[in-house]
Amino acid sequence: MSKLTAAPLQTQVPAPRKIPKKPLLKRLTKGGFIAALPFLAPALAAYVVFVIGPMVSAVRLSLYEWSGFNADPQVFVGFQNYVRLFTQDPVFWTAMQNTIIWVLLSLVIPTTLGLAMALALNRPIFGRNLFRSVFYIPGVLAPIAIANMWRWMYNPNYGVFSELAKAWHLGDGSGVTFLSDPKLAIYAIFAAFVWQIAGLNMVLFLAGLQSVSKELVEAARLDGATSWKVFRHVTFPALRPTVVVVMVLTIVHSIKVFDLVVGMTGGGPAQSSQVLALWSYSQSFLQHDFGMGNAIATVLLAVTLVLVIPYLIWSTKGNED
Amino acid sequence: MINPSSPSAAAAQEKVITDFQAANPDITIKKTNRAVDAHKDALRTSIGTAAAPDIYDFWAGPGLGGELVKNGASADLSAQYTEYKWPERFTEAALGPVTQYGGYHGVPWKLNGEAMYYNKALFEQAGITEVPKTMDELNDAAAKLKDAGITPIEFGGTVNWHVMRLLDTFLEGYCGSDTFDKLVTRQANWGQEECVTKSFTNLQKWSKDYFNSGFIGINNDEASSLFFNGKAAMALEGDWFNAQIKDKATKAEDYGVFPLPTGTGRMYGFEQAMYITKDSKHADAAAKFLDFMMSTPVQKETLGKFSTQSVNKEVKPTGTDELTKSWEGIFADAKGLYMNNDQNLTQSQTTEYWRIQNLVATGSLDPAKAGAEFQKFLDSSK
């Protein structure tokens with residue numbers, strides 16, 4: 001790894017040559033794409049019917065006014081639902097703000113926590129497998145069960161935080177009202193989300209850590225690098241693909257968060273913990289305004305695509321040609 | 001159907017079906033029970049599709065049952081009313097809600113009243129010697145209970161409509177019946193009525209000082225346990241609560257009930273009806289079952305399980321317990337009915353009503369601005 005070996009190597013590497021793109025037909029036939037098509041077709045058909053179809057239908061319905069009743073005609077109203085949504089809906093911007101807060105916090109807290117747990121449990125410590133299982137279990141539980149569990153924990157009459165407050169002589173515990181406070185409710189639900197998803201991130205990071213070259217780590221240590229420097233210059237760069245996957249999955253999980261909010265507050269108090277996915281559902285199925293519900297769903301789709309498309313481009317780049 | 005309010009009500013519901021099938025082996029009844037919100041949701045989604053039931057249980061008010069009638073979900077049962085002589089069977093009060101949309105939509109199942117249940121010992125402990133008869137006395141009673149270190153009233157706030165009962169009561173009490181009706185039918189301006197501000201101000205006072213702590217983050221079952229355990233003195237509930245008290249409380253005689261002291265003489269309540277779906281392929285069998293369900297023998301057998309009064313005029317309360325007798329008085333003295341506002345308003349209006357109610361209840365909105373805020377929504381919606 002000295003300059004003496006690096007210089008000749010540079011001279012041996014030819015300058016990158018721009019490879020002209022092959023015609024589409026050739027690219028399609030390359031690698032047996034045509035042969036693979038029959039195998040891909042069932043999944044592709046299901047994808048079109050169950051994913052693309054509803055998406056197109058949602059965008060179309062967002063331009064209509066419809067109560068959801070079969071007998072009630074769908075009336076084309078153009079962008080009127082979007083105008084109402086952006087200018088008159090008293091909850092939309094709260095839901096949008098909460099969704100953004102949720103995504104941003106998710107990108108920091110459960111990912112960092114997952115990485116920290118993975119680094120700790122990647123070492124040969126006592127009870128490592130037990131810890132891995134314990135931290136991973138919340139990730140496989142049904143979100144609605146998690147919501148109920150955390151709601152009980154937050155209960156101001158008998159919840160764990162209320163009991164702790166009593167044990168620490170901080171009053172009778174009834175003042176512990178995380179889910180009742182419009183300013184705190186969204187963060188109280190988010191805590192349950194962190195508990196649910198950090199273990200899942202940990203597993204992904206643990207898988208990523210297996211790809212980190214042990215030789216490089218050893219070499220860095222032999223060169224006298226500290227643990228932090230090894231992590232910063234060797235481990236983390238090697239984990240970069242995993243980080244991207246975790247980030248994208250976290251964004252997707254965050255944007256569509258629904259069950260936890262329904263189970264813990266239903267969007268309350270006073271819609272203060274409302275999120276876009278739940279508000280879309282509420283408009284459609286509770287208030288029976290399918291036009292507005294689908295307008296929100298379309299906004300959600302647009303936000304998701306803006307965040308996820310860069311990843312898709314990045315991840316497919318390596319597979320071209 | 002909507003989940004029964006108590007185990008004994010659930011058992012009674014099952015028995016009605018079993019008895020009917022024994023007498024009519026050619027007809028099969030399949031019952032699906034759901035929680036209140038899940039029922040609203042599932043029904044609206046399935047109605048008009050092949051998944052729609054033949055009979056659906058729903059609230060008769062314009063914002064709920066009325067919406068389904070308006071959208072062609074319910075069959076006009078005029079022919080069945082003639083065939084089974086139902087107009088002669090039901091009380092006038094029970095027939096009102098099913099005839100309000102023209103024709104006959106739905107068969108009256110139960111007419112429920114809502115009032116204030118109270119714990120006698122806790123009232124006595126707080127020095128309250130008589131049940132409140134005016135809004136001021138109700139406010140005084142709550143203050144006395146608080147001063148005595150007792151939680152005056154319990155509410156679970158997660159699904160909104162329980163707290164709504166108190167706000168509706170304040171609106172009826174401070175605005176009077178005429179203005180109340182004008183407000184809910186959009187003939188009066190919520191932002192310009194002083195009584196609306198007074199109602200929201202009182203709601204904020206009650207939620208801050210008199211509700212169980214953290215009410216808005218817990219559900220009604222959790223809150224009701226405070227009442228059954230003697231930790232809260234009052235519960236604003238419907239007459240179905242009698243059965244719950246008998247099922248859950250140690251001694252039913254420890255509890256009493258008094259009409260909401262709004263001063264208008266109207267009883268707070270609503271009706272639930274059994275509707276036959278417009279597209280039902282088994283409308284005859286459905287009508288036969290409903291005829292059986294609301295028949296005199298069945299209504300006599302189930303009286304007290306779902307409500308204290310029957311919709312069948314031949315069926316009179318026979319209970320001798322104090323709660324049942326109190327309800328007889330409340331129904332007999334009622335000069336009309338004012339309905340829960342989630343029945344009066346449309347679903348989107350109700351959602352906004354609850355949002356504003358909860359903003360005020362949690363101290364996040366000035367009560368003086370609440371009426372105008374709601375009116376703004378009404379003006380912007382259709």
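The structure is a predicted model, in which local features need pLDDT of at least 70 and side-chain atom pairs count only at pLDDT 80 or more, while totals for chains, interfaces and linings use all residues. Residues are numbered from 1 along each chain as its sequence is written, chains are lettered from A and ligands numbered from 1 in the order in which they are written, and side-chain values use heavy atoms, with hydrogens and water left out.

**Chain A as a whole**

- Chain A contains 14 helices and two strands, where helices (H or I, at least four residues) and strands (E, at least two) are DSSP runs numbered from the N terminus.
- Of its 321 residues, 37% count as buried, a term that means under 20% relative accessible area, with exposed meaning over 50% and partly exposed in between (1.4 Å probe, protein chains only).
- Among the contacts in chain A with a separation of 6 or more, 64% are between residues 24 or more positions apart, a contact being heavy atoms within 4.5 Å.

**Helices and annotated regions of chain A**

- The unreviewed UniProt entry gives the annotation "transmembrane region" to stretches of chain A including residues 100-121 and 184-209, although such annotations may be inferred rather than shown by experiment.
- In the model, residues 100-121 of chain A are 100% helix and 0% strand, with end C-alpha atoms 31 Å apart, and residues 184-209 of chain A are 96% helix and 0% strand, with end C-alpha atoms 36 Å apart.

**Two buried residues of chain B**

- B:Asn220 is placed in helix α11 (residues 220-228) of chain B, and B:Asn220 is buried, with a relative accessible area of 13%.
- The side chains of B:Asn220 and B:Glu237 are joined by a polar contact of 3.2 Å, that is, a pair of N or O atoms within 3.5 Å, where within protein one must be able to donate a hydrogen and the other to accept it, and residues adjacent in sequence count only if both atoms are side-chain atoms.
- B:Val257 belongs to strand β5 (residues 255-258) of chain B, and B:Val257 counts as buried at 9% relative accessibility.
- Leaving aside neighbours within four places in sequence, B:Val257 is in contact with residues including B:Tyr117, B:Leu323 and B:Trp327.
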